[in-house]
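Have the viewer open and follow along.

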Amino acid sequence: TVTVCKPETRTRKVHHTEYVQKTVPCKYTVTVCKPETRTCKVQVTEHVEEEVVEKCHVTVCKPETRTRKVHVSKMVPVEETCTVAVTTNKVEQKELEVQVCHMVEKEVECKVWKPAACCHESAPRTRHARKACCN
């Protein structure tokens with residue numbers, strides 16, 4: 001079996017869509033705005049300056065000139081000639097024997113004398129004051 005292929009031309013129907021632009025008249029509604037002036041009443045706060053006279057208490061200070069006598073001391077430089085004894089020092093080295101003292105703690109007995117007029121009746125009423133007076 002042999003298959004032989006040969007070209008041939010055939011026709012068929014195909015759906016084809018093509019877009020074409022065209023101008024078509026149409027109707028539409030347009031709103032036209034035109035300016036107009038209207039008036040209305042509005043509450044407004046307005047700043048108004050005015051002068052008002054008020055009474056107030058004021059302390060007024062005025063300068064015054066007063067005089068008083070003041071003692072003034074004034075130092076005036078004065079040149080005076082004076083004789084001064086001048087001592088010149090000369091350095092010497094000497095060996096000396098020095099006595100050294102050391103501090104030593106020591107308990108000492110003390111006697112405290114109290115006035116004879118102190119007693120419980122004449123002493124102040126607080127316990128500490130009576131103890132200080134009568135001991």
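This is a predicted model: local features need pLDDT of at least 70, side-chain atom pairs count only at pLDDT 80 or more; totals for chains, interfaces and linings use all residues.

## The nonpolar patch

Tyr 28, Val 30 and Val 32 make a nonpolar surface patch of about 390 Å². A patch here takes residues with over 30% relative accessible area and no salt bridge, joining nonpolar side chains (Val, Leu, Ile, Met, Phe, Trp, Tyr) within 5 Å and like charges within 9 Å. Areas are Shrake-Rupley values with a 1.4 Å probe, and for residues only the protein chains shown count as cover.

Tyr 28 counts as exposed because its relative accessibility is 65%; the scale runs from buried (under 20% relative accessible area) through partly exposed to exposed (over 50%), with a 1.4 Å probe and protein chains only.

Numbering starts from 1 along each chain as its sequence is written, and side-chain values use heavy atoms, with hydrogens and water left out.

## Overall picture

How many helices and strands does the protein have? The tally is 1 helix and 0 strands, taken as DSSP runs numbered from the N terminus (helices: H or I, at least four residues; strands: E, at least two).

The protein's accessible surface comes to about 18,200 Å², and carbon and sulfur atoms own 53% of that.

## Salt bridges

The count is 5 salt bridges, each being a side-chain nitrogen of Lys or Arg within 4 Å of a carboxyl oxygen of Asp or Glu. One of them pairs Arg 38 with Glu 36, at 2.6 Å from N to O. Arg 38 is exposed because its relative accessibility is 71%, and Glu 36 is exposed too, at 52%.

Glu 64 and Arg 66 form another, with the closest N and O atoms 2.5 Å apart; both residues are exposed. Then there's Lys 94 with Glu 92, at 3.8 Å from N to O, again with both partners exposed. Shared partners tie Lys 90, Glu 92 and Lys 94 into one salt-bridge network.

## Cysteines

What about disulfides, meaning pairs of cysteine sulfur atoms within 2.5 Å? A search of the whole structure turns up 0. Cys 5 counts as exposed because its relative accessibility is 73%, and Cys 40 is likewise exposed, with a relative accessible area of 66%.

Terms used:
A disulfide is a pair of cysteine sulfur atoms within 2.5 Å.
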